[in-house]
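Me: I've got a structure to get through today. Can you walk me through it in short steps?

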Amino acid sequence: MGSLLKLCKPFFLTRLSSLPNSPATAAATTHLGTRHRRALAGPRKRRGSFCSSSPSPSRPCEYSSERGGDGADGPAPAPAAAELRLFNTMSRKKEAFRPRVEGKVGMYVCGVTAYDLSHIGHARVYVTFDVLYRYLKNLEYEVCYVRNFTDVDDKIIARANELGEDPISLSKRYCEEFRVDMMHLHCLPPSVEPRVSDHMPQIIDMIKKILDNGCAYQIDGDVYFSVDKFPEYGQLSGRKLEDNRAGERVAVDSRKKNPADFALWKSAKEGEPFWESPWGPGRPGWHIECSAMSAAYLGYSFDIHGGGMDLVFPHHENEIAQSCAACRKSNISYWIHNGFVTVDSEKMSKSLGNFFTIRQVIELYHPLALRLFLLGTHYRSPINYADVQLESASERMYYIYQTLYDCENVVSQHAVRQDNIPSDALECITKFENEFVASMSDDLHTPVILAALSDPLKNINDLLHTRKGRKQQLRMESLAALEKVIRNVLTVLGLLPGGYLEVLQQLREKALKRAKLTEEVVLQKIGERTAARNAKEYDKSDAIRKDLAAVGIALMDSPNGTTWRPSVPLAMQEQMAPMT
């Protein structure tokens with residue numbers, strides 16, 4: 001493991017201190033790396049700002065990316081112990097992650113336009129960046145994670161008019177619903193969640209700068225960005241200017257100098273919310289909102305800007321143009337985008353009407369099963385939604401938590417020595433640690449980690465349930481160490497529940513709901529089957545087992561009797577594809 005520790009700041013530096021026999025312990029001490037040593041010496045002094053006139057409300061993150069010079073030299077030198085590599089949409093390749101300020105990361109992720117319940121396409125975006133957030137924090141970075149709410153937008157206004165509701169009030173309600181969804185999915189709260197309606201001064205200030213720099217023009221109270229004034233337009237998406245067309249949140253307007261020009265400020269219309277501005281009453285365009293809010297909390301140059309792949313164009317392309325027009329030294333180090341969730345190979349979206357809300361899915365499936373399903377495919381690849389995948393994820397979750405619960409229950413009844421762990425358990429742990437570090441360092445390759453869980457889980461079950469395992473010396477020490485390393489990994493993946501027993505019961509309840517059965521009915525069927533077996537009516541007992549298996553209830557026979565667990569319904573098992 002020593003060689004791996006040189007390449008990537010190890011996840012297990014602090015964890016391995018409790019495993020004195022581990023060969024990685026000495027390596028972890030030897031290869032602490034530059035950033036660790038500097039952290040002990042105190043924070044590095046930061047210097048002057050790129051654009052001193054940037055919007056600046058109170059910054060709850062205490063993040064500042066500004067360094068001396070003109071900012072063209074890019075990120076700070078890489079810490080010796082860090083080699084996280086992330087795919088950068090701008091360069092179209094994986095790059096070593098090097099934050100602009102040592103030990104600190106500024107990350108902005110475009111949030112929801114809050115006019116309805118969020119769907120699982122949204123879930124994928126925010127689970128993806130929650131894993132990145134958790135992993136960066138685990139690497140001991142101080143992360144300022146900004147995720148906005150768009151609460152001023154054409155779609156919000158249209159929905160509010162349909163419902164006869166105030167647009168800001170409607171949006172506020174759906175912002176809170178979104179937060180509930182994120183809590184269910186175990187997504188950590190960001191450092192700050194700014195709303196457009198609270199940042200009009202910053203938005204207006206940025207539009208003024210763009211106008212002053214000659215990159216925008218006014219028409220009858222509207223302000224448009226002139227794409228012809230920004231020669232680099234298209235650098236993120238790879239699109240040529242002549243390929244662009246009006247539409248898709250770029251309004252068709254014959255007054256525009258170029259059809260691709262987009263609105264920075266829209267003049268007030270009857271029945272719409274508006275704010276006063278130097279150009280008259282109105283409201284901001286969609287794209288300017290994120291540029292202003294990211295600059296307000298992170299500065300014009302910061303480390304990571306992320307979102308779904310559908311935002312590459314036009315949203316993020318326009319953000320780059322606006323931010324650079326307001327401050328020529330604006331620079332985002334890494335643009336990160338996740339792939340689509342598809343239904344029948346077509347992108348899931350509200351506009352296409354082929355979406356499932358998070359609420360609809362977690363009505364029948366545990367939220368952690370949905371999270372596991374999303375992490376079972378690499379974040380940049382498309383993922384096709386199907387019930388069979390959620391069934392498979394549910395079954396896998398049950399197996400993981402049942403194994404860990406059984407382990408925890410046995411270990412809690414014994415005094416466990418912390419100073420000695422058998423070599424075979426250490427070998428399994430070290431292999432798993434290596435796979436975790438290598439996979440997370442390789443652009444957050446979570447499917448590999450989920451597959452790698454199989455070995456330590458199998459080791460636990462062998463120690464718990466096989467004759468050979470139960471006779472192994474220092475069995476409790478092996479079990480405790482294996483459970484701990486799995487728990488640590490599940491924490492970073494956001495898959496660790498508050499309690500194993502509680503989530504097992506919740507998984508069972510969801511399975512019963514899908515099967516349209518009650519616990520009492522299942523127990524009655526188990527009793528009937530037991531009676532049939534005792535009477536040697538094996539055809540009847542087999543039929544009862546098969547009937548229950550058909551609706552996702554698997555019966556488990558043991559010397560202590562018969563129990564049940566959730567499983568993939570028989571009809572779906574033929575459709576199952578590997579989670580990876």
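Me: OK. What is the order of the open sheet of four strands?

Reply: The order is β5-β6-β7-β8, and the pairing is antiparallel. β5 (216-219) and β8 are the edge strands, each pairing on one side only. From one strand to the next, the twist averages 20 degrees. For angles, axes are lines fitted to C-alpha atoms, for helices over the stretch in contact, and angles run from 0 to 180 degrees between N-to-C directions.

Me: Which helix packs on the sheet?

Reply: Helix α7 (residues 200-212) does, and it touches β5, β6, β7 and β8. Its direction makes about 120 degrees with that of β7. Contact here means heavy atoms within 4.5 Å.

Me: Before going on, where does this model come from?

Reply: It is a predicted model: local features need pLDDT of at least 70, side-chain atom pairs count only at pLDDT 80 or more, and totals for chains, interfaces and linings use all residues. Residues are numbered from 1 along each chain as its sequence is written, and side-chain values use heavy atoms, with hydrogens and water left out.

Me: What is the mean pLDDT of the protein chain?

Reply: The mean is 86, and 83% of the residues reach 70 or more. pLDDT is the predictor's confidence in each residue, from 0 to 100. Residues 52-56 stay under 50, and the model has 10 contacts for them beyond four places in sequence. Residues 76-82 are also below 50, with 23 contacts beyond near neighbours in sequence.

Me: Back to the sheet. How many bridges join β7 to β8?

Reply: Three, and the two strands run antiparallel; β8 covers residues 282-284. β7 also pairs with β6 (residues 222-225), antiparallel, over three bridges. W265 in β7 stands opposite V223. W265 also stands opposite P284 in β8.

Me: And β5 with β6?

Reply: They pair in the antiparallel sense over four bridges. I219 has D222 in β6 as its bridge partner.

Me: S277 next. Where is S277 found?

Reply: S277 is in the loop between β7 and β8. It is buried because its relative accessible area is 15%. Its side chain makes a polar contact of 3.3 Å with the side chain of W265. It also reaches the backbone oxygen of G280 at 2.6 Å. A polar contact is a pair of N or O atoms within 3.5 Å; within protein, one must be able to donate a hydrogen and the other to accept it, and residues adjacent in sequence count only if both atoms are side-chain atoms. Leaving aside neighbours within four places in sequence, S277 is in contact with I204 and W265.

Me: New topic. Is K516 buried or exposed?

Reply: K516 is exposed, because its relative accessible area is 75%. Its place is in the loop between α18 (500-515) and α19 (519-534). K516 and V551 are 35 residues apart in sequence and 8.5 Å apart in space, C-alpha to C-alpha.

Technical notes:
Pairing = 2+ DSSP bridges. Buried < 20%, exposed > 50% of the residue type's maximum accessible area, 1.4 Å probe, protein only.
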